[in-house]
Amino acid sequence: MSATTRRLTTAQALVRFLSAQYTERDGVRRRLIAGTWGIFGHGNVAGIGQALVEYADVMPYHQGRNEQAMVHAAVGYTRQLNRLSAQAVTTSIGPGATNLVTGAALATINRLPVLLLPGDYFASRAADPLLQQLEHPVEADVSVNDTLRPVSRYFDRITRPEALIASALNAMRVLADPAETGAVTLALPQDVQAEAYDWPEEFFADRVWSVRRPAPDPVELAAAVEAVRAARRPLIVAGGGVHHSEAEEALKALVDATGIPVASTQAGKGSLRHDHPADLGGIGHTGTAVSDELARTADLVIGVGTRYTDFTTASGTLFRNPDVRFLNLNITAFDAHKLAARTLVCDARTGLEQLARALAGHRVEDAYADGYRAGKERWERVVERAYRADDDSAVPTQTQVLGALDAVVGDEDVVINAAGSLPGDLHKLWRARSPRQYHLEYGYSCMGYEIPASLGVQQAAPGTPVWALVGDGTYLMMPTEIVTAVQEGLPVTMVLIQNHGYASIGGLSEETGGERFGTAYRHRAADGTFTGAPLPVDLAANAASLGMEVLRAKTVGELRGALAEARVSDRPTCVYVETDPTPTAPGAEAWWDVPVAEVASRPAAVRARERYDAQVAGRRRHL
């Protein structure tokens, strides 16, 4: 124990410790935990709540309305800042804590840091059982917080004050580690939160966590260079790791020098500007025709910072060249080894820079470059058709909504989405103008993400126009943080698209033999089906009641005007539009595996199984 100590409660010590933690990369230092979101209850109000009052001058506090939404806001914040700064979330015990699970899963799946501080039972068991306490018949040390173990990258329950010292340091290590990061949970028994202890003064000293940029192994680099030089049809798949590493310029330099084209995952879109001649747009099930055509004939696929989800690989059916090989540049060995690839386990920017130097003088054949550029031009005409609206008095389609937004946004704007039919349309059609403009959460594809995430992005980038694109399904799941936007004075804009149902899952249901059952928001008809009239709900009125300024747009012309007005508003604003359900988005260019009933009596399911069998036959294990 240090000769110099400070007597504080455990909660006070934790808040004071968090306020002194920093990250540093490339000489730039940031607060690691820049603020704390919280909803107070009997598990945290007297502990962490009192500590946040005690240290309000060094730890900003943000009041949320839903625990899951607070995690989403923190995720939006850290993603906007390339994981170099994060936020904490504190909750009571019981439902407040279990509401964190979805948000924690989203953060960990997307490799994004967030610190969770749920309250817990009495470590002393002086009061037992507590209100909201789970009593397990054979494991007395289990609480509902244990549901956070599988979705956390680090978990600990602090049952003694002094245990916080080692655990808090481990928590910061994981949050700042680009390979290990995700949700970190410190479960805090409420009696321990309030217990005093003589803390070593060194615990509260400023501490800087270096965010590493590991270089590739020379042997791996030499093998990678050999593979690229031997390839005649190489294709780069840019994932979210390009953005997290701030490797966009390094990627551009490599592409400019070699002519290798780039397709992007949902997380990687914007790695190149949309108008770069080698940017082919999205890849996979929601990809562009030119990206997927090249993927089918590529002999070398170079994955940079990607996890290769089933949407990217078209469930193992996309990369069809019998001689295709993979080269994966990733900071985690776990992801680098996927698809039996050659590996470059390193930081994305460092690896791309070294790869570019080692490939000096190498360039793809002119015929290959000419071919993908022609394909890019053809796809741009597809985008123009989907965006075009010739009649300003017409009800807009969903893709025309995107076209109207495309005409309004500037390079600095951020567009946020997560679930429904919009991710597919955006991945195919959106023209990303800057690295952080395209903000799609598609690792967990979580409905309800968009509105709270927009708050976090706005906090991370004040003065930046932030757009949350929200369908009626997502809105109905989590509109609560509109109130938070009003309270915090965050001028986010929500584009609320009303199509009276789960449009995306309805289409999938039809394709897989489910006949759109249970996917429309309609009255139940006499035969038990939901085919009656649309429900008489007014989501715009609801948004207004929560404090938003609402602009209703019934036509294409009104929509354009409303979007322009909303962009310059200094308060939270909703642009509400009911869309024409006529499909205007280009169809899927690649398959996605959703298993279909092997036996059924209904003709729709039988036909769907026939289509499924034809597609699944093309699946390949890359070994």
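Visitor: Which residue forms a salt bridge with Arg-431?

Guide: This is a predicted model. A salt bridge here needs a side-chain nitrogen of Lys or Arg within 4 Å of a carboxyl oxygen of Asp or Glu. For Arg-431 the closest N and O atoms are 2.5 Å apart, and the partner is Glu-384.

Visitor: How many residues apart in sequence are the parts that this pair ties together?

Guide: Arg-431 lies in the loop between α17 (422-429) and β19 (438-440). Glu-384 belongs to helix α15 (residues 366-387). The pair therefore ties together parts that are 47 residues apart in sequence.

Visitor: Is Arg-431 buried or exposed?

Guide: Buried means under 20% relative accessible area. Glu-384, at 37%, is partly exposed. Arg-431 has 10% relative accessibility, so Arg-431 counts as buried.

Visitor: What is the relative accessibility of Asp-275?

Guide: Asp-275 forms a salt bridge with Arg-273, with the closest N and O atoms 3.0 Å apart. Arg-273 is partly exposed, at 34%. Asp-275 also counts as partly exposed, and its relative accessibility is 46%.

Visitor: How many salt bridges does the count come to?

Guide: The rule asks for a side-chain nitrogen of Lys or Arg within 4 Å of a carboxyl oxygen of Asp or Glu. By this rule the count comes to 34.

Visitor: Are α18 and α20 roughly parallel or roughly antiparallel?

Guide: The axes of α18 (residues 450-460) and α20 (residues 481-488) come within 8 Å and cross at roughly 25°. Angles under 35 degrees count as roughly parallel. So α18 and α20 are roughly parallel.

Visitor: How do the residues of the α18 contact with α20 divide?

Guide: The crossing is left-handed. From α18, Ile-451, Pro-452, Leu-455 and Gln-459 meet Glu-481, Ile-482, Thr-484, Ala-485 and Glu-488 of α20. The residues of this contact divide into 5 nonpolar, 2 polar and 2 charged.

Visitor: At what angle do α16 and α17 pack?

Guide: The axes of α16 (residues 398-406) and α17 are 11 Å apart, and the angle is about 50°. That makes α16 oblique to α17. The contact joins Gln-398, Thr-399 and Leu-402 of α16 to Leu-422, Asp-425, Leu-426 and Leu-429 of α17. These residues divide into 4 nonpolar, 2 polar and 1 charged, and the packing angle is about 50°.

Visitor: What covers the buried residues of α5?

Guide: Helix α5 (residues 100-109) has 7 of its 10 residues buried. The buried ones are Leu-100, Gly-103, Ala-104, Ala-105, Leu-106, Ala-107 and Thr-108. What covers them includes α3 (67-80), β6 (86-91), α4 (95-98), β7 (114-120) and β9 (183-189).

Conventions
Residues are numbered from 1 along each chain as its sequence is written. This is a predicted model: local features need pLDDT of at least 70, side-chain atom pairs count only at pLDDT 80 or more; totals for chains, interfaces and linings use all residues. Side-chain values use heavy atoms; hydrogens and water are left out. Axes are lines fitted to C-alpha atoms, for helices over the stretch in contact, and angles run from 0 to 180 degrees between N-to-C directions. Helices (H or I, at least four residues) and strands (E, at least two) are DSSP runs, numbered from the N terminus. Angles under 35 degrees count as roughly parallel, over 145 as roughly antiparallel, 65 to 115 as roughly perpendicular and the rest as oblique. A crossing is left-handed if the near helix is turned anticlockwise from the far one by less than a right angle, and right-handed if clockwise. Contact means heavy atoms within 4.5 Å. Ala, Val, Leu, Ile, Met, Phe, Trp, Tyr, Cys and Pro count as nonpolar, Asp, Glu, Lys and Arg as charged, and the others, Gly among them, as polar. Buried means under 20% relative accessible area, exposed over 50%, partly exposed in between (1.4 Å probe, protein chains only).
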